[in-house]
Amino acid sequence: MLQESPALLIGSAFLLALLIGSFLNVVIHRLPIMLDRQWRTQAQEMLTEAAPAATSTPPPTAHGPQPPPSRYNLLTPRSACPHCNAPIGAHQNIPAISWLLLGGKCANCKAPISVRYPIVELATALLSAAVVWRFGFHWQSIAALFVTWALVALTVIDLDHQILPDIITIPLLWLGLLASLAWNPGLAAPIPTDSYSAILGAAAGYLSLWSVYWAFKLLTGKEGMGYGDFKLFGALGAWMGWQMLPLILLLSAFTGAVVGITLIVARGRDRNIPIPFGPYLAAAGWIAMMWGPQVVDGYLTVTGLGG
């Protein structure tokens, strides 16, 4: 039925992606907290190993020994209101719809619930529907959906915390390389690409931004971008090949420059305040995944470089 009815296929993808978007909200909120706890634990262990005598006996407290930190991951504890800590029931967690029915407020304490939650859910659903419309009833759609969902999560996390977690970028890169093994000439470009282009794309994507980072640091003494940007660019190269890297870089750099200049002019933003580059890479990568070859061919035709 899905294969014979494009409308049903796209609609099903939209509904499924609403649920995925709800899960992505959990990832976006909890993953940085999980990473922060992990980093703090590792730092504490390093300090303990460096000064065992000073930390071998914990200082007494008025309340006795401190309990171990509560279990916290993507599944535990249950979702709750950040204001009153009231658990969120299943009927209150229907993507987008529950937020509208509740009027954007907690059912228990009436505190406002950020509009970002339904925005992420709807954006994930719309982007996913577009992917299925583009690639159709084919395993390429599954691959493109996975890339889309990863890019949505990375975009919002980078906007919030200016980090691109390795736990997302590294698997994204390796899966792109593995997917290239299934490439054949009959697949719609550009995802996945052939293994030769994927390996070159991963290496060129990482090393190009790594080189820019070090050149900028040597010239100014400042860090112009984070290592997560290198890994994300390398992951996009692994999925789409080295041929799409110039387009992705140009689109992301142009958009980032426009947004940065606008913020400086309109809001008086200090030019020394960093602006995350990951969202622009993610947006440009998604555009290249959807229409990259057409954009490149159109440019070559307009400029007369295509012969």
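Lys217 is partly exposed, with a relative accessible area of 26%; here buried means under 20%, exposed over 50% and partly exposed in between, using a 1.4 Å probe and protein chains only. Lys217 forms a salt bridge with Glu223, the closest N and O atoms being 3.6 Å apart. The term salt bridge stands for a side-chain nitrogen of Lys or Arg within 4 Å of a carboxyl oxygen of Asp or Glu. Glu223 counts as exposed, at 54% relative accessibility. The model is a predicted one, in which local features need pLDDT of at least 70 and side-chain atom pairs count only at pLDDT 80 or more, while totals for chains, interfaces and linings use all residues. Residues are numbered from 1 along each chain as its sequence is written, and side-chain values use heavy atoms, with hydrogens and water left out.

The structure holds four salt bridges. Side chains of opposite charge can pair when their charged atoms come close. In one of these bridges, Asp160 pairs with Arg116, with the closest N and O atoms 2.5 Å apart. Because Asp160 lies in helix α5 and Arg116 in helix α4, this pair ties together parts that are 44 residues apart in sequence. Helices are DSSP runs of H or I with at least four residues, numbered from the N terminus. Another bridge joins Arg40 to Asp36, where the closest N and O atoms are 2.8 Å apart. Both Arg40 and Asp36 belong to helix α1 and sit four residues apart, about one turn of the helix. Arg40 is exposed at 59% relative accessibility, whereas Asp36 is partly exposed at 33%.

Leu232 touches, among others beyond four places away in sequence, Leu151, Leu172 and Leu281; contact means heavy atoms within 4.5 Å. Lys231, found in helix α8, is buried too, with a relative accessible area of 16%. Its contacts beyond four places in sequence include Asp166 and Tyr206.

The expected span of a helix is 1.5 Å times one less than its number of residues. For the 20 residues of α4 this gives 28 Å, and the end C-alpha atoms are 28 Å apart, which agrees. Helix α10 (residues 278-303) has 26 residues, yet its end C-alpha atoms are only 30 Å apart, short of the 38 Å that a straight helix would reach. A kink of about 85° lies at Trp291 in α10, shortly before Pro293; the bend at a residue is the angle between axes fitted to the seven residues ending there and the seven starting there. Gly285, also in α10, is buried at 0% relative accessibility and touches Leu236, Met240 and Ile248, leaving out residues up to four places away in sequence.

Finally, the cysteines. With a disulfide taken as a pair of cysteine sulfur atoms within 2.5 Å, the count comes to zero. For Cys84, the nearest cysteine sulfur is that of Cys109, 3.6 Å away.

How values were computed:
Helix = DSSP H or I, 4+ residues; strand = E, 2+ residues; numbered from the N terminus.
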